[in-house]
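Here is a short note for a colleague opening this structure for the first time. Please read the points with the view beside you.

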Amino acid sequence: MADNYQGCCHCGAVRFSFEGDIIEKGLRCNCSICTRKGAMMSSQAIPPEQFKIQAEEGALGLYQFGAKTAKHYFCNRCGIYTFHETARFPGHFRANLGCIEGIDPFSMEYDLFDGKHLL
């Protein structure tokens, strides 16, 4: 079953939406950047045709490192990590569950992705 999700950064300058399976579990990664940001991500990789981004001019920041395959997006105004394009599925997105309306990432189970040893 699919559901519609809406998310945004803390100040609202970066917004996103997508349709996907009901979110019942999250995903954490132990790579160097994910360990530092501590966010729980959507476990599903969201296809680009299902992921819509709306950002005020100049608000969407991008950070890349290493092979620069993954693209980590954040709000240039409030600093919140909102979503990223994955390294394993380029062009597909994972969303920060803490940014999605109606989702409580602290109450969810999660899987661990071993990005530390993959990347």
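1. Start with a cut-off. A residue counts as buried when its relative accessible area is under 20%, as exposed when that area is over 50%, and as partly exposed in between. Cys99 has a relative accessible area of 9%, so Cys99 is buried. Keep in mind that this is a predicted model.

2. For Cys8, the nearest cysteine sulfur belongs to Cys9 and is 5.8 Å away, so Cys8 is in no disulfide. For Cys99, the nearest is the sulfur of Cys8, at 7.0 Å, so Cys99 is in no disulfide either.

3. Now the charged pairs. In general, side chains of opposite charge can pair when their charged atoms come close. Searching the whole structure turns up two salt bridges. One joins Asp111 and Lys25, with 3.4 Å between the closest N and O atoms. This pair links distant parts of the chain, 86 residues apart. Asp111 sits in strand β10 (residues 109–113), and Lys25 in strand β3 (residues 25–29). Are these two residues buried or partly exposed? Asp111 has a relative accessible area of 36%, which makes this residue partly exposed. Lys25 is partly exposed too, at 33%.

4. The other salt bridge is between Glu56 and Arg77, whose closest N and O atoms are 2.4 Å apart. Where do the partners lie? Glu56 is in the loop between β5 (51–55) and β6 (60–63), while Arg77 is in the loop between β7 (71–75) and β8 (81–85). The pair therefore ties together parts that are 21 residues apart in sequence. Glu56 is partly exposed at 43% relative accessibility. Arg77 is partly exposed as well, at 48%.

5. Look again at β3. This strand pairs with β10 in the parallel sense, over five bridges. Within that pairing, Cys29 has Phe113 in β10 as its bridge partner. β3 is also joined to strand β4 (residues 41–42). Here the strands run antiparallel and two bridges join them. Gly26 has Ser42 in β4 as its bridge partner.

6. In what order do its strands run? The order is β6-β7-β8-β9; the sheet is open and the pairing antiparallel. β6 and β9 are the edge strands, since each pairs on one side only. From one strand to the next, the twist averages 25 degrees. β8 and β9 are antiparallel and share three bridges. Phe83 stands opposite Ala95 in β9.

7. Finish at Thr86. This residue is in the loop between β8 and β9 (93–95). Is Thr86 buried or exposed? Thr86 counts as buried, because its relative accessibility is 5%. Its side chain reaches the backbone oxygen of Phe89 at 2.8 Å. Which residues does Thr86 touch, leaving aside neighbours within four places in sequence? Thr86 is in contact with Thr69, Ala70, His92, Phe93 and Arg94.

Notes: Residues numbered from 1 in each chain as written. Predicted model: local features only at pLDDT ≥ 70, side-chain atom pairs only at ≥ 80, totals over all residues. Heavy atoms only, no water. Salt bridge = Lys/Arg side-chain N within 4 Å of Asp/Glu carboxyl O. Helix = DSSP H or I, 4+ residues; strand = E, 2+ residues; numbered from the N terminus. Buried < 20%, exposed > 50% of the residue type's maximum accessible area, 1.4 Å probe, protein only. Polar contact = N/O pair within 3.5 Å; in protein donor to acceptor, adjacent residues only side chain to side chain. Contact = heavy atoms within 4.5 Å. Disulfide = S-S within 2.5 Å. Axes fitted to C-alpha atoms, helices over the stretch in contact; angles between N-to-C directions.
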